[in-house]
Amino acid sequence: MANAKKLSMANTTAQWFQDNFTGGDMSDGVLEKILLHSTETRSWPGYSGGASSPTLTIDPWACEVRQHHDLDRSARALRDPSYTGVRENRDGVVQIEIIGYCDPGLVADYGHDIGEIPDDGLRLIGQVLAEIAVEWDVPLKAAERWLSYPASYGDSSVRMSGEEYDAFKGVLGHMHASGNTHGDPGDIDIDTIMQYAREFAGQEEDELTPEDKQWMADWHKKHLEHDVLPGVEGAVRAGVLSAFEDADERNGPFGRRFGSVLNSLFGRLIRRHVKKAWGAAARRDSPFGRQMGTSVHRASNLTGAPATPDQVEALVRSAMDDLAARLAAERDGK
Ligand SMILES: [Zn+2]
């Protein structure tokens, strides 16, 4: 975890409020929740100069993100009554306002239905969630039930008690927050957003068979528990790209099997974005880059010995050779 306080893709100057509203530390010093709001506007709210601002605002229609406070400073968009026994704005929560309306009466007048965000916008929200989750280890798990507005308003069946809010880790809405009445973000497509978020974070459900999983575990043990390798930034830049390009060009069972190894080690992100992500990892300059850098580091940082590009490339090539040998043995019926 790098624990970056700024989101890589956010504009941090247009509406940066932290100089005037410094915010407080999070209660337990960690982030554990991402809470979504809808702005009930068509464009960037002024937030009274920051007095009622969230941590971030996303415009999913224009695909832009603005950051207002560091990720680990408390934001100001929740009610925080003392009777709940938990500090709603400070309970390890990143607050994200999403531009759009959940109130059907306002949608009728102004459009921008929070339930009709275009696919690009849903992807962007997922990407933001993924970056925060990866940086800060927030679980990409959404609250179980979400209600449409106005059923979500007030003391609804999904409203948490202070104790439940305190204990919750994952992604929730203003409608769930204890001690609050607002029902936003209504019927936002949380399932699709979470699916994108897990994809960006490389946390998709895997489709490997039990045999594949056992084989991956054995492979991992053989190659990674004994003779490996951290300090991978340089290695990423230099050695591994060529090995991945080799794999990328192969068809048939070998290529597919190697893809499974990559999924197992680094997450499925690789398969779709291998070249782009690998380039970004070398630069560490995007959500892809940080995710990839983190994945590679986790997969290889087991012994404390510095890795060279040659060592990493040798590791990957050795895995490919093992795969080829195993597939040849299977083909020959051994
Ligand atoms: Zn709200």
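Helix 2 and helix 4 (residues 190–200) pack with their axes 7 Å apart and at an angle of about 50°, an angle that makes helix 2 oblique to helix 4. The structure is a predicted model, and in it the crossing of helix 2 and helix 4 is right-handed. Helix 2 contributes L122, R123, I125, G126, Q127, L129, A130 and A133 to this contact, while helix 4 contributes T192, I193, Y196, A197 and F200. Sorted by class, the residues in the contact of helix 2 with helix 4 are nine nonpolar, three polar and one charged.

Helix 2 (residues 119–136) also lies across strand 1, strand 2 (56–59), strand 3, strand 4 (93–98) and strand 5, and its direction is at about 155° to that of strand 2. Five strands form an open sheet with mixed pairing, in the order 3-2-4-1-5. Strand 3 (64–67) and strand 5 (170–173) are the edge strands, each of which pairs on one side only, and from one strand to the next the twist averages 25°. Strand 1 (residues 33–38) and strand 5 run parallel and are joined by four bridges; within strand 5, L172 is the residue that stands opposite L35.

The confidence of the prediction should be kept in view. The protein chain has an average pLDDT of 77, and 61% of the residues score at least 70. Over residues 267–273 the pLDDT stays under 50, and the model has 16 contacts beyond four places in sequence for this stretch. Residues 297–309 also have a pLDDT below 50, with 30 contacts in the model beyond near neighbours in sequence. Where pLDDT is low, predicted coordinates should not be read in detail.

How values were computed:
Residues are numbered from 1 along each chain as its sequence is written. This is a predicted model: local features need pLDDT of at least 70, side-chain atom pairs count only at pLDDT 80 or more; totals for chains, interfaces and linings use all residues. Two strands pair if DSSP finds at least two bridges between them. Helices (H or I, at least four residues) and strands (E, at least two) are DSSP runs, numbered from the N terminus. Axes are lines fitted to C-alpha atoms, for helices over the stretch in contact, and angles run from 0 to 180 degrees between N-to-C directions. Two residues are in contact if their C-beta atoms, placed from the backbone, lie within 7 Å. pLDDT is the predictor's confidence in each residue, from 0 to 100. Angles under 35 degrees count as roughly parallel, over 145 as roughly antiparallel, 65 to 115 as roughly perpendicular and the rest as oblique. A crossing is left-handed if the near helix is turned anticlockwise from the far one by less than a right angle, and right-handed if clockwise. Ala, Val, Leu, Ile, Met, Phe, Trp, Tyr, Cys and Pro count as nonpolar, Asp, Glu, Lys and Arg as charged, and the others, Gly among them, as polar.
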